[in-house]
Amino acid sequence: MARFSPLEWPVFRQFRSGDPTGRGSSVTSAKTRAITPRTSTADAVVKSVCPYCAVGCGQNVFVRDNKVVQIEGDPDSPISRGRLCPKGAASEQLVNAPSRVTQVLYRAPRGKDWQTLDLETATDMIADRFLEARRKHWQDTDQHGSPLRRTMGIASLGGATIDNEENYLIKKLFTAAGAIQIENQARI
């Protein structure tokens with residue numbers, strides 16, 4: 001380690017380098033000058049959309065060695081023009097959190113322990129239960145013979161983290177399946 005010199009104090013460096021206001025390189029330490037941004041070492045920049053709210057702010061996702069290293073606002077986005085709220089700016093922490101669950105977990109009815117399932121098995125289980133609930137609770141007509149063509153066994157409660165287009169498609173899907181209880185958290 002180099003011997004400490006009072007001449008390296010920022011106030012002395014200011015006057016020695018001709019930067020009396022202390023707004024230039026004289027107040028930057030050697031350690032700070034050696035730091036490089038994470039974005040400069042990225043292998044690729046992927047365009048994405050913030051996952052939090054329905055605004056749909058654009059994000060630039062910086063990837064190195066198939067790992068997300070930084071997420072910033074996309075200046076090309078007409079919605080956010082490079083700006084992100086605090087939650088959107090912290091998206092990288094969501095992706096790289098050590099406690100993030102990355103496998104499908106399933107707990108059988110009245111079970112005590114969780115087990116991991118592959119995605120295809122879990123998707124098939126959901127589809128089977130959806131179709132069974134639709135079939136079991138289907139109402140074709142009411143007591144007067146008027147057509148109903150609905151099911152009371154399926155409901156949808158959407159979240160505010162999806163945008164208008166996704167909400168539109170979910171509404172179309174559940175309506176086509178015969179569900180009439182379709183709600184969204186953003187409207188409640």
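E132 and R135 sit 3 residues apart in helix α5, so about one helical turn separates them. In this predicted model, the two form a salt bridge. Their closest N and O atoms are 2.5 Å apart. R135 reaches 57% and counts as exposed.

The structure holds 3 salt bridges. K47 takes part in a salt bridge with D74, where the closest N and O atoms lie 3.0 Å apart. K47 belongs to strand β1 (residues 44-49), while D74 belongs to the loop between β3 and α3, so this pair ties together parts 27 residues apart in sequence. D74 is buried, because its relative accessibility is 7%.

K47 also forms a salt bridge with D76. Here the closest N and O atoms are 3.3 Å apart. This pair, too, links distant parts of the chain: K47 in strand β1 and D76 in the loop between β3 and α3, 29 residues apart. D76 has a relative accessible area of 61%, so D76 is exposed. Which residues do salt bridges with shared partners join into one network? They are K47, D74 and D76.

## The β1-β2-β3 sheet

Three strands make an open sheet, ordered β1-β2-β3, and the pairing is antiparallel. The edges are held by β1 and β3. Each has a single partner strand, so one side of each has no neighbour in the sheet. Neighbouring strands here are turned by 30° against each other on average, with direction ignored. Strands of a sheet pair through backbone hydrogen bonds.

Between β1 and β2 (residues 58-64) there are 6 bridges, and these two strands run antiparallel.

## Q70 in strand β3

Q70 is placed in strand β3. Is Q70 buried or exposed? Its relative accessible area is 16%, and the cut-off for buried is under 20%, so Q70 counts as buried.

Neighbours within four places in sequence are left aside here. Q70 is then in contact with R38, T39, N60, V61, F62 and E92.

G82 lies in the loop between β3 (67-73) and α3 (86-89). Its relative accessibility is 29%, so G82 is partly exposed. Beyond residues up to four places away in sequence, G82 touches G73, D74 and P75. D74 is also the salt-bridge partner of K47 described above.

How far apart are the C-alpha atoms of G82 and G18? They are separated by 36 Å. Along the chain, these two glycines are 64 residues apart.

Another open sheet has 3 strands in the order β6-β7-β8, with mixed pairing. Its edge strands are β6 (138-141) and β8 (179-184), and each pairs on one side only. On average, neighbouring strands of this sheet are turned by 30° against each other, direction ignored. β6 is joined to β7 (residues 147-158) by 3 bridges, and the two run antiparallel. W138 stands opposite T151 in β7.

Helix α5 (residues 119-136) packs on this sheet and touches β6 and β7. The direction of α5 makes about 145° with that of β7. α5 is also the helix that carries E132 and R135. Helix α6 (residues 164-176) packs on the sheet as well, touching β7 and β8. Its direction makes about 160° with that of β8.

## A nonpolar surface patch

Which residues make the nonpolar surface patch of about 430 Å²? They are W9, V11, F12 and F15. V11 is found in helix α1, which covers residues 10-16. The relative accessible area of V11 is 41%, so V11 is partly exposed.

Methods
Residues numbered from 1 in each chain as written. Predicted model: local features only at pLDDT ≥ 70, side-chain atom pairs only at ≥ 80, totals over all residues. Heavy atoms only, no water. Helix = DSSP H or I, 4+ residues; strand = E, 2+ residues; numbered from the N terminus. Buried < 20%, exposed > 50% of the residue type's maximum accessible area, 1.4 Å probe, protein only. Contact = heavy atoms within 4.5 Å. Patch = residues over 30% accessible without salt bridge, like charges linked within 9 Å, V, L, I, M, F, W, Y side chains within 5 Å. Areas by Shrake-Rupley, 256 points an atom, 1.4 Å probe, with all protein chains shown as cover. Salt bridge = Lys/Arg side-chain N within 4 Å of Asp/Glu carboxyl O. Pairing = 2+ DSSP bridges. Axes fitted to C-alpha atoms, helices over the stretch in contact; angles between N-to-C directions.
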